[in-house]
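User: I would like a close look at one part of this model, the surroundings of its ligand. Please keep to what the coordinates show.

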Amino acid sequence: MEERRRFISKEFKQLYGRLPSIWARAPGRVDLMGSHTDYNMGFVLTMTIDRDTWIAAFPREDNHIVIHSCNTPGGAFFSLEDIQRDKVAPWTNYVRGVAAVMQTSGFKLRGFDGLIHSTVPFGSGLSSSAAIEMAVAILFKTLSDLRLNPVDMALIGQRAENDFVGVSTGILDQYSSAMGRDGCGILLDCRHLTSEAVPINPALQVVICNTRSERNLVGTEYDERRAQCEEGLRLLQRFYPGITALRDVSPAMFMAQRQMLPELIARRCQFIIEENQRVLDLAQALPEDCPEPLHELFAASYSGARDLYEIGSPAMAAMMDAMLLAPGLVAARQAGAGFGGSMVALVKEGFLEVFIDHVTKTYQQETKIQAEIYAVQAAPGAMILE
Ligand code: ADP
Ligand code: MG
């Protein structure tokens with residue numbers, strides 16, 4: 001941590017001729033259960049990870065923002081009075097977007113010189129985008145002395161990503177990064193925007209297995225799945241007029257009307273409805289010292305994602321096979337939106353090294369890709385660093 005601070009300080013000094021006076025950070029996250037349930041107003045069992053995004057900053061006397069990133073070339077200089085989308089350095093749109101949405105919401109912002117540094121891998125489903133948004137949000141909140149709670153910040157980040165950056169996402173990523181808890185998972189209710197802590201059995205390690213495969217289809221496929229869920233909801237409302245999201249449909253209610261839906265729509269809805277129930281079941285099972293239910297819940301989540309929601313990929317299948325055969329494995333499934341990216345395993349304490357070794361070798365033999373595998377721990381949500 002001190003080394004990281006020294007490195008960023010040095011870069012900051014080179015860019016801005018002085019040292020930063022304030023530091024903000026926000027973590028990435030991984031879902032332990034609940035793929036695509038967030039935009040269906042359902043539940044997710046999510047966990048922050050100890051990979052995060054930092055921003056070192058110094059407030060400015062004018063209302064300009066200067067922003068650079070140690071992770072990506074190009075930066076931006078813009079006035080808070082005229083925030084435009086940037087095509088040259090599109091990554092700065094995450095910063096611009098948060099500022100724009102905050103101002104639209106009536107907050108008066110102060111400018112700063114800032115430098116970003118992240119240990120969250122980009123585009124692998126661990127939410128580097130939410131981490132940058134929440135780090136920027138808490139920095140603005142503190143520098144501009146705003147009355148904002150973490151849920152407000154999450155909603156601002158989501159709007160920035162949806163409306164300014166132009167990527168549709170649910171609330172999961174931003175909520176997790178803003179509200180995540182040190183040392184435990186959280187059970188998030190995406191309709192009420194509330195959550196409760198879920199302890200993870202200490203005999204388990206959460207391990208990220210990044211397939212490092214391309215995720216080109218994510219955007220269009222994501223929008224298509226959302227539209228199919230909406231279509232399913234509309235059709236189910238004929239039988240259940242009181243429902244306003246798939247979250248309101250229990251597995252039994254769904255099965256009673258499944259045959260009335262077109263097959264593709266039925267498969268999509270079935271996955272969401274069952275996945276939602278699995279989240280609630282996992283919240284019960286995760287603190288316990290009993291591997292079987294964990295294994296079954298994760299396995300059902302993966303097969304549903306592959307066969308019903310169809311967000312799998314050959315690389316994910318190869319990774320799943322490798323994980324299931326590895327020593328110490330308790331449970332394994334996809335993470336994030338699917339179509340490649342990262343997967344997540346629960347591994348018995350003491351088996352980490354052999355697990356990583358085994359999965360790396362098997363996956364490499366099968367795909368010729370060097371996977372990236374590491375244990376993560378739940379870290380605190382967005383905050384100002386002392
Ligand atoms: P994910 O959130 O799964 O990592 P996204 O595609 O949603 O993937 O977000 C990744 C994008 O967020 C990057 O391509 C980049 O534009 C932006 N981003 C995230 N973190 C940083 C950072 N530290 N520096 C610059 N850009 C970043
Ligand atoms: Mg993202």
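Which element supplies the largest share of the shell around ligand 1? Please go on from there to the contacts and the pocket.

Analyst: The largest share of the shell around ligand 1 comes from α3, with three residues. This is a predicted model, and what follows is computed from it. Helix α3 spans residues 128-143, and β5, residues 112-118, is named with it: each of these two elements supplies at least two residues of the shell.

In total, 19 residues surround ligand 1. The closest are Ser 69, Asn 71, Gly 123, Ser 128 and Ser 129. By residue class, the shell around ligand 1 holds 10 polar residues, seven nonpolar ones and two charged ones.

Several polar contacts can be described atom by atom. On the side-chain part, Ser 69 places a polar atom 2.7 Å from a nitrogen atom of ligand 1. The backbone takes part as well: a polar backbone atom of Gly 123 lies 2.8 Å from an oxygen atom of the ligand. At Gly 125, a polar backbone atom is 3.2 Å from an oxygen atom of ligand 1. As for cover, ligand 1 on its own has 560 Å² of accessible area, and the protein covers 82% of this. The space that ligand 1 takes up is the largest pocket.

Asp 52 belongs to strand β2 (residues 43-59) and Arg 25 to strand β1 (residues 22-33), so described as a link between distant parts of the chain, 27 residues apart.

Key
Residues numbered from 1 in each chain as written. Chains lettered and ligands numbered in written order. Predicted model: local features only at pLDDT ≥ 70, side-chain atom pairs only at ≥ 80, totals over all residues. Heavy atoms only, no water. Near = heavy atom within 4 Å. Polar contact = N/O pair within 3.5 Å; in protein donor to acceptor, adjacent residues only side chain to side chain. Areas by Shrake-Rupley, 256 points an atom, 1.4 Å probe, with all protein chains shown as cover. 1 Å grid on protein atoms, 1.4 Å probe; cavity = no way out; pocket = protein on both sides within 12 Å on 5 of 7 lines; lining within 4 Å. Sits in = over half its atoms within 2 Å of the grid points. Helix = DSSP H or I, 4+ residues; strand = E, 2+ residues; numbered from the N terminus. Nonpolar A, V, L, I, M, F, W, Y, C, P; charged D, E, K, R; others polar.
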